[in-house]
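Let's take a friendly walk along the places where the chains of this model meet. Please have the sequence and the structure open beside you.

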Amino acid sequence: MQAGNLVLLLIALGAVFYFFGWRRSYAVSAPLGGVRHLHSLPGYYASLAAVWCVLPALALLGLWLIIDDTVIRTNLMASLPSAIQPANEVDYNLLLNQIRNVAGGALNPAFVPAEVVAAAEQLAAMQARNQQMMSIAFVSIAVLGGVWGWSRVQPRLRARQQVESVMKWMLMGSATVAILTTLGIVLSVLFESIRFFQKVSPMEFLFGLQWSPQIALRADQVGATGAFGAVPLFAGTLLISFIAMCVAVPVGLMSAIYLAEYAHRNVRAWAKPILEILAGVPTVVYGFFAALTVAPAIRGFGESMGLTVASESALAAGLVMGIMIIPFISSLADDVITAVPRAMRDGSLALGATQSETIKRVVIPAALPGIMGGILLAVSRAIGETMIVVMAAGLAANLTANPLEAVTTITVQIVTLLVGDQEFDSAKTLAAFALGLMLFIVTLGLNVIALKIVKKYREQYE
Amino acid sequence: METAQKLNDTAQTNPAARMAQEPETMNQRIPYPERTIGKPLCDDPKMSMRNVDVFYGDSQAIYGVDLDIGKNEVIALIGPSGCGKSTFLRCLNRMNDTIDICKVKGSFMLEQDNIYDPKLDVVELRARVGMVFQKPNPFPKSIYENVAYGPRLHGLANKKFELDEIVENSLRKAGLWDEVKDRLDQPGTGLSGGQQQRLCIARSIAVSPEVVLMDEPCSALDPIATAKIEELIDELSGQYTIAIVTHSMQQAARVSQRTAYFHLGRLIEVNDTNTVFTAPEHALTEAYITGRFG
Amino acid sequence: MSKTTEQVRKSLKARYSSEKRFRAFGITAVAFGLLAVVVLFTDIISKGTSAFVETYIQLEINWDPEELGIDDPTDPDQINVADYDALIKAALRERFPEVEGRLDRRALYQLASSGAGFKLRDQLVANPDLLGTIQTQWILADDDVDIFIKADAEERQSKRLPEVARPWVEALERDGQTDIQWNASFFSHGDSREPEQAGVWAAVTGSFFTMIVTLVLAFPIGVAAAVYLEEFAPKNRFTDFIEVNINNLAAVPSIIFGLLGLAIFINLFGLPRSVPLVGGLVLTLMTLPTIIISARASIKSVPPSIREAALGMGASRMQMVMHHVLPLAMPGMLTGAIIGMAQALGETAPLLMIGMVAFIVDIPGGPLDASTVLPVQIYLWADSPEASFVALTSAAIMVLLAFLITMNTLAVLLRKRLERRW
């Protein structure tokens, strides 16, 4: 049986044991004079029986699924006749894939050697046996567990405490998903990056000025190794992020100030949600807007002024990214500006300051840490933004500070390197993970600093 | 079951009903005077207010108050909480402008100028009528910058040494100079509560205002800090016209020459401080200063 | 007049003009933001509305059994191999007898969509009596014709329709033999190389399965994590570490989650590429922080007095949470979940990493079928060179935005409706 069906079966079994646990709790309480003589409510006894049925079986299933593939593969490859025993790791994987494809029906058996066909048949048999054994073990564990849980239903059993502690562990398990996710991110980018740095030196990656990750088809081709100097990518990312911040910071900040300090309540009530629409628009939509509307417009305008503008100019991508970030900055700035106590404003106004003097000299300096934190978060978001640059920025790694030229970014290259067919071991693919590592480190650093600043700022006024 | 319900009902409604009736019965017991008792007006007033009504949205906070504040006198505004004394004070330099729903009627004169004249500039008004708030609110800047803030705004000093002089003088007048002269560049928020409040006073007198309004300046302070502020107010009287709202009758008695008693938005009695505390004319005033409510 | 007053009066003019400048700057900023919203939406709507209708041309179809090679219209084998395009070609030749020469003929045949033949087949299957009759029928036009018909007189010069075909299309138009009809295939088809046959339905279905997986995983885990952190977690380093992790994950670029999905789910666990299950897993990890943070906020807003009341009645902590805190916090949690889902629905980058960029023609039937999602479909179409795909892309964006607006409105309504003030 498939794992999915097994899980469905398990749910049914759990329900059955719940029912029997319920029945038994009434049965054992009858001689005592009713359920109120039980330690816990019948529902807890029933749940306990169901838990004993479900949890061990699930654990077994998980373990089985993790190891069965490896076990089958090792057995299979060891049993191969020596004639086709693979010599190295690459051949090993190739052969394994071939066998799998034949077994799965994706490859016509007529095209491969007879030994491979035999191995494929063996693989199919082993897989079938594995499925069978797994189903038997799974169901028996579930039933045994359920019976055990059911037999434990006794009036003095502290069923509620036991069920609650299981629940508590499950809650805690859910909370640790966050840690596991971080761990997963770190491990996945770190391991692949280490493999990348075995092929390309970190110095070349960090300080090299040439980026052309194409791997040659033939070994004797010119530029066969590809160049992995990431400086043009870093520069391109910074250039586009800088343009974005040049748009987003003044506009976001000033609109937050205007809406918080000047605008009439009614104006604020409709202008704020409209601005926030910008935050809800998917980035792919901005990418489309940048590539098909803004970039041609900038190009046309630039050419009418006699400038050469690339059709995928950094300016277009940066400008649209800036628009995307406006609501992010303005809502964060709004939070910190409204958190500045009224007493500060009153103090300044009572001295005869005008409203803008109060804002410029008292409110903004007081809110500055919070605003800085918000800007840092926005920078981190700009650096990590993908779709706008994938659609509107270029692919060529130019090292330039001219916003009218095309540049490429870290995220663009990650997408380009990983989308489509890929060999998982080539330096080209691994380079994407090395770029991912850089991106993760930089954004993580920015986030940690920004969150610290914002938190400190909040504490100051709480 | 039914009786239990009934008991429950009465228990719930009774206290609420009693609370709603209380002020009314009190009002019925002691009627408001037709006009403010005592001497609300003076011969040579710095500020004079007539027929003042203040509304917050639909509810009226102040009813027809007439009051003069004399030159270089200290006048204390007292009364139970919610009586409108702070609201009245905030009208005097138009701080109520910052509250959307607040509407002010009546005439307010600062010498010859009508405070609520649309032609009068509110910035100029506030430079002339300074204010100290209930909670010390130094800006998150250095001590020096806090005091220099006003003079800088209004361009009162052209040179650095002039500004230094203003800062030093103001801090001296506020009795803070000796305590902070070595750490002028440290943040004003790092001072103790009493020092912060004196810093705020120094800040408002740095622009040489004609009137200083103080809205319960000591309510957030401990007794020792309070004593220092009171001493300071005493020293400042004579140079500045000061209107102080206070919760503490003792404080009013210690610092002020005249006392005005507000009750639920009405100005009941204004007299020399001594008279108010020793021989109040109106029964409500007497009830308040003898501690029957408030 | 005192010295202060004099000084203040002198400085007033400059100060007020600076005040005015500041205020004008603020208004400009707000106006810029609002303008961006307006431009963005008008741009997309103006580009996209034309894709909701498509052009048909009227032809006399002669259901000639010989041309089709069918003698028995009930035989499925014959039906399947028959050459329906030949009928359309014949009808076009009939309509424009003056067109001679191989190249011109080929241009002529391209007036009709290459998928039009399939429609004829479906008609014949539904109604075998058609065989041998002559019918006046509306045939789906090619996208070049479609664009040409939809354009204004001046704009037509720049369109892609070949020079030679223009008089034919204009002739059809003059004779009232062109018609613009509702584009039903846009809402029922998958992707296609031919713009006039391409639709969003496969992508919408893919998005649906992905969202189901995300919702089923992210909501329970998110709520459980929030309950643990708010109600049970002891104040210690471990708890702090979880919190730091959650806050940071909320700001990690989404593409990083794609790398995680590629390295862990696909390469390590061996799950298939391009399927909604993996997409849902990745989006679950991505939306969890949002859901946890909003769920914690709504748990926090349940007043402690209710907790004390439950505990005072002798409820256990778990009972207190299950019976009182969770039901009261549920509206807020749902709102947060909807907002998280809206975020996930618009997400593209991580799904590119796990191969959901495939060219999907068939409507996926479950979370383990290869599929794409709406935003990725938009990305794919935006990259296509044909001009008609611009309109299709904009139309797909309008569909996506309609979903997002619905979800956000739902969240706002839910919050308004169920909001409780303590």
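## Where chain C meets chain B

Across the interface of chain C and chain B, in this predicted model, three residue pairs are in polar contact, both residues being at pLDDT 80 or more. (A polar contact is a pair of N or O atoms within 3.5 Å; within protein, one must be able to donate a hydrogen and the other to accept it, and residues adjacent in sequence count only if both atoms are side-chain atoms.) On the side of chain C that touches chain B there are three nonpolar, five polar and three charged residues.

One salt bridge is counted here: C:R9 pairs with B:E124, with 2.6 Å between the closest N and O atoms. (A salt bridge is a side-chain nitrogen of Lys or Arg within 4 Å of a carboxyl oxygen of Asp or Glu.) About 1,000 Å² is buried between the two chains, 49% of it from carbon and sulfur atoms. C:T4, C:V8 and C:R15 supply 43% of the area that chain C buries against chain B. (Buried area is the accessible area, with a 1.4 Å probe, that two parts lose on being put together, summed over both.)

Chain A and chain C bury about 6,400 Å² between them, with 80% on carbon and sulfur atoms. A:L171, A:M254 and A:F288 supply 10% of the area that chain A buries against chain C.

The one salt bridge counted here joins A:E357 to C:R15, the closest N and O atoms being 2.8 Å apart.

## Reading the model

Residues are numbered from 1 along each chain as its sequence is written, and chains are lettered from A in the order in which they are written. The model is predicted, and side-chain atom pairs count only at pLDDT 80 or more, while side-chain values use heavy atoms, leaving out hydrogens and water.

Methods
Predicted model: local features only at pLDDT ≥ 70, side-chain atom pairs only at ≥ 80, totals over all residues. Nonpolar A, V, L, I, M, F, W, Y, C, P; charged D, E, K, R; others polar.
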